[in-house]
Amino acid sequence: MTFPMSLSVRRWAGAAAFVAGSLALAGCAADDPVPASGDATDAAKPTKKPSRSASQEPTEQPASESPSEPSSTVVPVYYVGDGPGGKPVLFREFHRVTGDPLTEAARLVAGGGQPDDPDYRTLWPQVELSVAYSPDGVFVVDIPSDAFTERPDGMSERGAELAMQQLVYTLQGVQQERAPVQVKRGGTDFRLFGLPSDTPYEQASPLRTLSLVNITSPAEGDTVTGDTLTVTGVSNSFEASGPCRLIAGDEEVALEGYQAEGWMDDRLFPFEVELPLADVGSGDVLLQCETDDPSGGTEGDGPSVDTKLIHVG
């Protein structure tokens, strides 16, 4: 099948190269070992509910830096969204930071910023921290205060474990290393959110922790032009396939199936699909990608879903 002229997307300078490396990693995001401790995810099949209408104003990311600006880096950050049945799971998005990439990415997790996608959130209250990567291959997270030794109001034990996995997945994604995370606390009570911090945390099973579909590009708020939209992402779907669609208002204006590079293994696999834009018109549209649901909704909690609000120029 042939496709028309590909899409033009205004994104961060340098982000494409980082995303390509992270997809090859699919990686620290998808192919990592099950943790020895802190397995946040007995919570099963993930997904995000497409409850948003396509009305939000798009935001354009800076295209370049001037030589006088401090150097910056695009980093993956893992946030929480709703999976099938409302179960929380992790979604990845990319952010540009200045300063030490590990510490700045961790600060975004720990309440120091907002996700671009309004469907995402962090489970962390705002906590000051710093991160170092030790010669022994361990991420050392220093939290000098003794706040939040117990779980904050409303945080379950599984929520505490998933919050820890936000940090684990983010640091491993930034460093491109599947290294454990050791938390060091100030004070005399060394727990964090009621969890012990005397042993390092490994990455939990991707299929129990991550959304089973996650759109990488375009990003939330991107403006796209051209005749064809190239969508990239990662998934683990029945027979490695699933639908991606564009929705304008209540109308589906484009639909194509993606074919990922694999399925079944305990990881997510890259996919790419082309969606036609010629008949979409201009304005805000909702991009929605899903895993396949072979039961047709008769069994389980339904498919995993990720959505991005974009603007067609």
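Modeller: A residue is buried when its relative accessible area is under 20%, exposed when over 50% and partly exposed in between (1.4 Å probe, protein chains only). The model is predicted, so local features need pLDDT of at least 70 and side-chain atom pairs count only at pLDDT 80 or more, while totals for chains, interfaces and linings use all residues. Residues are numbered from 1 along each chain as its sequence is written, and side-chain values use heavy atoms, without hydrogens and water.

Biologist: What percentage of the residues of the protein count as buried?

Modeller: The protein has 313 residues. The share of them that counts as buried is 53%.

Biologist: What share of the contacts with a separation of 6 or more comes from residues 24 or more positions apart?

Modeller: A contact means heavy atoms within 4.5 Å. Among contacts with a separation of 6 or more, the share from residues 24 or more positions apart is 73%.

Biologist: In β12, which residue is the bridge partner of Gly 233?

Modeller: Strand β9 (residues 228-235) and β12 pair in the antiparallel sense over eight bridges. The partner of Gly 233 in β12 is Phe 271.

Biologist: Which residue in the hairpin of β4 and β5 takes a positive phi?

Modeller: Strands β4 (residues 130-133) and β5 (residues 139-143) are antiparallel, with four bridges. Five residues lie between the strands, and the one with a positive phi near 80° is Gly 137.

Key: Pairing = 2+ DSSP bridges. Helix = DSSP H or I, 4+ residues; strand = E, 2+ residues; numbered from the N terminus.
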